[in-house]
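Please read the following briefing alongside the coordinates.

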Amino acid sequence: MPITAQGHARVKIHPAGPFGLDHKVAAPLKLRLALRYRPSILRTRHRSASKTAPTLEEVAGMTRTITVSALAAVMMTGSAWATDGDPAAGEQNFRQCQACHMVGPDAANRVGPQLNGIVGRQMAGVEDFNYGPANAALGEDGSVWTEETLFEYLADPRAFVGGATRMTTRYPDEQFRWDVIAYLSQFNADGERTE
Ligand code: HEC
């Protein structure tokens, strides 16, 4: 678990972790941990002001504390953190996608492919959509979109596909992305809204 110079702790929870939690808990958890532990990390620094960086023992200690507390926090709050995107906000965000994408029972391909059932759908998996080569290559090994890969993709589609793509828009705001993904995840492959 790397601890950066600023004292941010990065915690990664395995997607199908020991408590069967959705990987989405990782993001709010990271945030909460950063908020909760930054002050104590700062205090540690203050006490050992002569040092430029925490010692290995201090880092190991912090890491242990954070790991144990993270697991305890997950166990206590469970499903309360299992979702961090707001579908209603995401519906508003989706307006920015609508110039190119449709979702819902009547969704058709536009500039971009229709997005029904996108969470769990094979990458570049709409048969009658003419993907660019870089996008098409993503799905060749049968990879499917997950909330996490969509989150990465939307931040910078070009970087994600590793080549030219006709989706040139980028969505740097993390909450914007989680919200739009939460909205899209409500639609099944037939475009029915399931939640
Ligand atoms: C300017 C048009 C445009 C906008 C705006 C746009 N997209 Fe796209 N999107 C595309 C195109 C075109 C592709 C296909 C790219 C290719 O094959 O080169 C694509 C591909 C995708 C894919 C991959 C689909 C698949 O089947 O693999 C996803 C997911 C996606 N867009 C989501 C979004 C979301 C969510 C938004 C809004 C936050 C958005 N896009 C905004 C044009 C757009």
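The briefing begins with the overall picture and then turns to individual elements and residues.

This is a predicted model, in which local features need pLDDT of at least 70 and side-chain atom pairs count only at pLDDT 80 or more, whereas totals for chains, interfaces and linings use all residues. Residues are numbered from 1 along each chain as its sequence is written. The protein has seven helices and zero strands, where helices (H or I, at least four residues) and strands (E, at least two) are DSSP runs numbered from the N terminus.

**Confidence**

- The mean pLDDT of the protein is 76, and 57% of its residues reach 70 or more; pLDDT is the predictor's confidence in each residue, from 0 to 100.
- Confidence is lowest in helix H1 (residues 26-47), at a mean of 42, and highest in H3, at 98.
- Over residues 1-51 pLDDT stays under 50, and the model has 55 contacts for them beyond four places in sequence, a contact being a pair of residues whose C-beta atoms, placed from the backbone, lie within 7 Å.
- A further stretch, residues 74-82, also has pLDDT under 50, with eleven contacts beyond four places in sequence.

**Overall fold**

- Read from the N terminus on, the elements run α-α-α-α-α-α-α.
- Of the 195 residues in the protein, 22% are buried; a residue is buried if 20 or more other C-beta atoms lie within 10 Å of its own, exposed if 12 or fewer, and partly exposed in between, with C-beta atoms placed from the backbone.
- Among contacts between residues at least 6 apart in sequence, 57% join residues at least 24 apart.

**Nonpolar core**

- The largest nonpolar core has 18 residues, and those with the most contacts inside it are Ile118, Leu150, Ile181 and Leu184; such a core is a set of buried Ala, Val, Leu, Ile, Met, Phe, Trp, Tyr and Cys residues joined through C-beta atoms within 7 Å.
- Two or more residues of this core come from each of helix H5 (147-155) and helix H7 (174-184), and the largest share, six residues, comes from H7.
- Apart from its neighbours within four places in sequence, Ile118 is in contact with Trp145, Leu150 and Leu184.

**Helices H5 and H7**

- H7 is mostly covered, with eight of its eleven residues buried, namely Arg177, Trp178, Asp179, Val180, Ile181, Ala182, Tyr183 and Leu184.
- The buried residues of H7 pack against helix H3 (87-93) and H5.
- In H5 the buried residues are Glu147, Leu150, Tyr153 and Leu154.
- Seen down the axis of H5, these buried residues fall within an arc of 120°, so they line one face of the helix; the arc is that of the directions from the helix axis to the C-beta atoms.
- The buried residues of H5 pack against helix H6 (157-161) and H7.

**Ligand surroundings**

- The ligand is surrounded by 25 residues, of which the closest are Cys97, Cys100, Gly112, Gly132 and Met167; a residue is near a molecule or strand if its C-beta atom, placed from the backbone, lies within 6 Å of it.
- By class, this shell has 16 nonpolar, eight polar and one charged residues, where Ala, Val, Leu, Ile, Met, Phe, Trp, Tyr, Cys and Pro count as nonpolar, Asp, Glu, Lys and Arg as charged, and the others, Gly among them, as polar.

**Individual residues**

- Ala155 lies in helix H5 and is partly exposed because 16 other C-beta atoms lie within 10 Å.
- Leaving out residues up to four places away in sequence, Ala155 touches Arg170, Tyr171, Pro172 and Arg177; the C-alpha atoms of Ala155 and Arg170, 15 residues apart along the chain, are separated by 5.3 Å.
- Ser185 is found in the segment after H7 and counts as buried, with 21 C-beta neighbours inside 10 Å.
- Beyond residues up to four places away in sequence, Ser185 touches Val119 and Glu147, while Ser185 and Ile118, 67 residues apart in sequence, are 7.0 Å apart in space, C-alpha to C-alpha.
- Ala189, also found in the segment after H7, is exposed, with 11 other C-beta atoms within 10 Å.
- The C-alpha atoms of Ala189 and Asn116 are separated by 4.9 Å although the two are 73 residues apart along the chain.
- Ala124, placed in the loop between H3 and helix H4 (133-138), has a phi near 50°, a positive value in a residue other than glycine.
- Most residues other than glycine have a negative phi.

Key: Two residues are in contact if their C-beta atoms, placed from the backbone, lie within 7 Å.
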